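Hi,

Here is the structure I promised to pass on. Please have a look, and then read on for my notes.

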Amino acid sequence: MLPSRAVCWRCSSQLRAQARPPVAQLAFSSLADSTPNLHSNRADRASRPERRVPRHQDGAHKSRHAGRSRSNTGASAYDMFNQIVNANNTDWTGKPAIAIVNNDLSKTKPVSEIDITFLLSTLVARRNEPVRDRLETFTQSIWPHLQAYGTNLPAPISQLITAFVDGACKDEIQYGRASSCAELARLAASLGITNPHIPNVMALRICHAFATGKNSTSHRNFLSQNLLDLWMHVSQMHRLPERGKPLRFALPDEIEFKVALRNPQTPAKETPSDGAATVESFLQALFPQFDNGLSKELVDGLLATLCVLSDPRYITERVQREAAPLLKLASIFFGEYPQVAELMLQQFPRQVVPGALSFPAEKSHELEPYIRNQWTSLIAFLSSEASTWRRDSSGDKFRASLTGIHRRLRKAYQERNKPGVQTIWADFHQKQSDNADLRWAIKSRPELMDFFVFVACALRLDYEYKTALEMMMNLQIPLTLKTYTSMMHGWRLCKDTRKIDALWTQLEGANVHLDVPIWTERLAAYILKGKVGACMAALTKLQKQWEDAIRTNTVEESGAVKPSIEMINACIKGILEIEPPAAKVLLSWAHKNDIKPDVSTHNIILRKAFAAGPDDVAWLMDVMAENGVEPNQATFVILIEEMLSLTGSDAPETQVEAVNQVFADLARSNVALNAELYAKALHAVASLANASDAAVDAVLAHLQHQNVRINPYMVTILIERSLQQQPREFAPIHALLEKHGMQDISRGDQTLWERVIRAAALTGQPGLALDLFDQLEAADRPVTSLPCLNELLRALAVEEDLVSARRVVDSVLRNKLVAQTQSGAHGDVHDARFWKHHFWYVAKENNLLDEANMPGGLQKLIANY
């Protein structure tokens, strides 16, 4: 039941105070702190049109006063750079606001359900105001209060939200200039209205504005970007991995699309003459995240969008290239099933689901002639290989360029190659300054700039750090908490704690809402400085702030961060290196404050506990038991390794006793006694240098007692252990194979027999190794492990059996070329590593390579051998 319109003066004054709050211009932003993804990270591509006054009876609008000027968000970044890098004592000039939508709202107490209902009912009744103003009021004055409910909105609020969205969509369709269509679709999805009929109608409205209206160039660019963002949003709907991520096309790849197109999940309603695909299966293959055939509601909007995208009068080449992922899949459908594609045109407009928001019939009749006239151009646009959207591999050139830059930069950083990083950055900076398309690609991948910032900080490259911030400002890429976390991580790795302290002071002074990753970096920096006490004090303060926020129900307003197990693990790892006893104190504190350290936390401490003595080990196991932390497989592997390392190889009885003790503890736990666990335990024991045969036999005895079958992986472990014995002999390996039922290649896996071939070659049995090689080749299981083949080739060369050696080399080359043909991969990183293997050096030294049939990848490298 809705509240009465007669309210007291207190409620009226509160409503007036909250109805039109000023929009906060934030210098700092974070996905974790922003509103529910209502404003795209890409919204800076096109400027918003001027606000409009309420419509007149004739539907005309006249402009208001000039819009507000935008603040320079880059000034804060420059001031921060001067403060941190140059260590100036002046105050930071940036004044970033707390990362919430409305500063005034953050100071008010949470409102009740009745207050929210009243605000919503009042907003629903304000139909005479422009849609954009209503959206602004909702996002600033109402949405922050709804976040506390999550997805469990009370029925009155849910009904009013539905009415608000429905009314805003209808008004935008009838009277608006399509300026808020994409924003409305995203707002509806964030409020739980996830049916695709709203994005469909909004797409039709934008296309109608193109086809029937006279728009300025700036408004056309704005509408085209909105149309593109709308379909990016549709592709991300119902996809959990895409939640909270920047707008992008989350579409299936070509192979997945073709398979889904030819094998629809639902029965087709039509039986086309040129294939099994239908219009419904096309939409389902394009947007497989929609269940129960809901994707078919997008047919009309998609058809109109494709027609508009193919019209160069309205759409720029840049937008066409950005829409390439959608156009590529559409071109496959239109090319392979032209008759089915024509059904989309014949059935336009389609009937909508009863009760759903519909596009007005009169506007559909106005849009239909444009679509029919544009159909021929659309077919040519999608089928032509010279179309604009196909140029530069439909934008893939720039994405591939950024991927290559990222890969080269990562490699240079891993090698700590400062000149290499500087060269990569200089080249990258120069290219983007001369290429607008590359700049747009960079804006769609802000994580690349975050990585550049991290590398510059980690390698102490102050000039590159400064120019990276300048580029982000010029490209209007906001500095987020992820950016600041990258800075702190880089400075921590290069042990530049002064800059970490300076940045942290600035962030705290700006009242920025922090998150778990950046707090983890801050605590790790305390440990780096040896300030264990400060780290513990910060954790205690965090816990108190969190408890206070929970008690007063002000988590969102205060920005309190709950100490997490990730923070605890990061602190414990560092504390164990400088002050191991403090790790016990931190672990006890975490248990006391219900942070619930997991078994991984205890495993981190367990290895160090053995170095401290048996008392620490016993204490840790008691803590795990008291707090209900069940040991896992890694726990018992650590126990076996550490306990055996404390014993000598001359005391096999002690080692057997240690193994029996660990397995006795294992039997009392809830850990599943399966083959995987025993394989890990066997590997842990067999790989120890001082492990005796009695200890290995003890593990096998426990395995057999539990009726666990020895698998090929365990036999491979035993073979590798046998090869460590001196002198090397094949007889013990043959006995292992016979004992465990691996008499021929049909009984074991590929890895086992490749290791047997290697063992035979190392033990002076090249004939046996070659025979096994031929058996696997005949069984269509060719040997692909170059380390194993390398030993076989060396053994054949020692025996001067060059005929067999050449046959092995030819077989490896043939199998590799077949694999390359099947996978379609040429010249990638894995191939380069393959051709650089020592196997080819041995082949060259023994004249086993035929230069006429040598692959290109090997020809490039053979001269360097």
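The protein chain has an average pLDDT of 78, and 80% of the residues score at least 70. Residues 266-275 fall below 50, although this stretch still has 19 contacts in the model beyond near neighbours in sequence. Residues 825-829 also stay under 50, with 5 contacts beyond four places in sequence. Where pLDDT is low, the predicted coordinates should not be read in detail.

The largest nonpolar core has 150 residues, and Phe428, Met449 and Trp840 have the most contacts inside it. Helix H20 (residues 446-458) supplies the largest share of this core, 10 residues. What does Met449 touch, leaving out residues up to four places away in sequence? Its partners are Trp425, Phe428, Ile442, Ala468, Met471, Met472 and Ile477. There is also a second, separate core of 94 residues, including Leu160, Leu228, Phe287 and Ala324.

The helix pair is worth a look on screen. The axes of H33 (residues 675-686) and H35 (residues 712-723) come within 10 Å and cross at roughly 5 degrees. With that angle under 35 degrees, the two helices are therefore roughly parallel to each other. On the H33 side, Ala675, Tyr678, Ala679, Leu682, His683 and Ala686 take part, and they meet Tyr713, Met714, Ile717, Leu718 and Arg721 of H35. By type, the residues of this contact are 9 nonpolar, 1 polar and 1 charged.

Best wishes

How values were computed:
Residues numbered from 1 in each chain as written. Predicted model: local features only at pLDDT ≥ 70, side-chain atom pairs only at ≥ 80, totals over all residues. Heavy atoms only, no water. Core = buried A, V, L, I, M, F, W, Y, C linked by side-chain atoms within 4.5 Å. Buried < 20%, exposed > 50% of the residue type's maximum accessible area, 1.4 Å probe, protein only. Helix = DSSP H or I, 4+ residues; strand = E, 2+ residues; numbered from the N terminus. Contact = heavy atoms within 4.5 Å. Axes fitted to C-alpha atoms, helices over the stretch in contact; angles between N-to-C directions. Parallel < 35°, antiparallel > 145°, perpendicular 65-115°, else oblique. Nonpolar A, V, L, I, M, F, W, Y, C, P; charged D, E, K, R; others polar. pLDDT = per-residue confidence, 0-100.
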